[in-house]
Amino acid sequence: MPVHILDEGITFPHPSVSDKDGLLAIGGDLSPDRLLFAYANGIYPWFNEGSPILWWSPDPRMILIPGEFKRAKSLRQTIRKGKFEIRFDENFRSVIMNCAQTGGRGEEGSWITRGMISAYVRLHEMGFAHSVEIYLNGNLAGGLYGISLGKAFFGESMFHLERDASKVALSALVDRCMEWDFHFIDAQQRTEHLQSLGAKPIPRDSFLSMLAGALKYPTLKGKW
């Protein structure tokens, strides 16, 4: 089945018609309305600088249930030592810029294009995109960012400049999600690293059903 070419209308084909790799559609734009509509339907953009915008909905889908997060003994010790300071939503742009420079989704971060940065900064200003920031001696040492809709958090990318800083960021996000009774954190694609932390692949149909349930709740917009 050919990949769908998007027009100016904010619409997508159903994720079930994506190809075997999860590619669903090409084109469109990164406007806030289109991005939010995509995430609400289990779809996300992923493409390299200079290429058309590519939209994905893979099967299976990798998710992390907050209560199933695996904190290794070494991570628990690092957190207890308190050497890192944890903040939310104070320097979103720096987090996404660092993710673009150091990689994400298991590979180099060239997919975080200049257009992607502008689009997600706009979503942050609108209260939908959030960052978890880890500081060491006042300097940004790691973090992550993603989109929040209903009781779902869609993780986009993370980075670290100091050992364990990104894991501390994920741990802080998990704690916040458990506090607010979030249903899942979307990790999108399977990696050994995420699986070691408790994430698991589930069928796309199951993911879409869980997503529909999570979206029945209001979105916690604004600074976290």
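## Exercises on helix packing and cores

Helix H3 (residues 92-102) packs against H4 at an angle of about 150°, and their axes are 10 Å apart. Axes are lines fitted to C-alpha atoms, for helices over the stretch in contact, and angles run from 0 to 180 degrees between N-to-C directions. Helices (H or I, at least four residues) and strands (E, at least two) are DSSP runs, numbered from the N terminus.

This is a predicted model, in which local features need pLDDT of at least 70 and side-chain atom pairs count only at pLDDT 80 or more, while totals for chains, interfaces and linings use all residues. Residues are numbered from 1 along each chain as its sequence is written, and side-chain values use heavy atoms, without hydrogens and water.

**Exercise 1.** Classify the packing of H3 against H4, then list the residues in contact.

*Solution.*
- Step 1. The angle makes H3 roughly antiparallel to H4; angles over 145 degrees count as such.
- Step 2. H3 contributes Phe92, Arg93, Ile96, Met97 and Ala100 to the contact, and H4 contributes Met116, Ile117, Tyr120, Val121 and His124. Contact means heavy atoms within 4.5 Å.
- Step 3. These residues of H3 and H4 divide into eight nonpolar, one polar and one charged. Ala, Val, Leu, Ile, Met, Phe, Trp, Tyr, Cys and Pro count as nonpolar, Asp, Glu, Lys and Arg as charged, and the others, Gly among them, as polar.

**Exercise 2.** Find the residues that touch the most other members of the largest nonpolar core.

*Solution.*
- Step 1. A nonpolar core is a set of buried Ala, Val, Leu, Ile, Met, Phe, Trp, Tyr and Cys residues joined through side-chain atoms within 4.5 Å.
- Step 2. The largest has 49 residues; Trp55, Tyr120, Tyr145 and Ile147 touch the most other members.
- Step 3. Helix H4 (residues 114-125) supplies the largest share of this core, six residues.
- Step 4. Take Ile147: beyond four places in sequence, its contacts include Leu36, Tyr39, Tyr120 and Phe128.

**Exercise 3.** Are Ser171 and Arg190 buried or partly exposed?

*Solution.*
- Step 1. Buried means under 20% relative accessible area, exposed over 50%, partly exposed in between (1.4 Å probe, protein chains only).
- Step 2. Ser171 lies in helix H5 (residues 165-179). Its relative accessible area is 2%, so Ser171 is buried.
- Step 3. Arg190 sits in the loop between strand E10 (184-188) and helix H6 (192-196). At 48% relative accessibility, Arg190 is partly exposed.
- Step 4. Not counting residues up to four places away in sequence, Ser171 touches Phe69, Arg71 and Ile79, and Arg190 touches Met62 and Gln195.

Note on methods
Angles under 35 degrees count as roughly parallel, over 145 as roughly antiparallel, 65 to 115 as roughly perpendicular and the rest as oblique.
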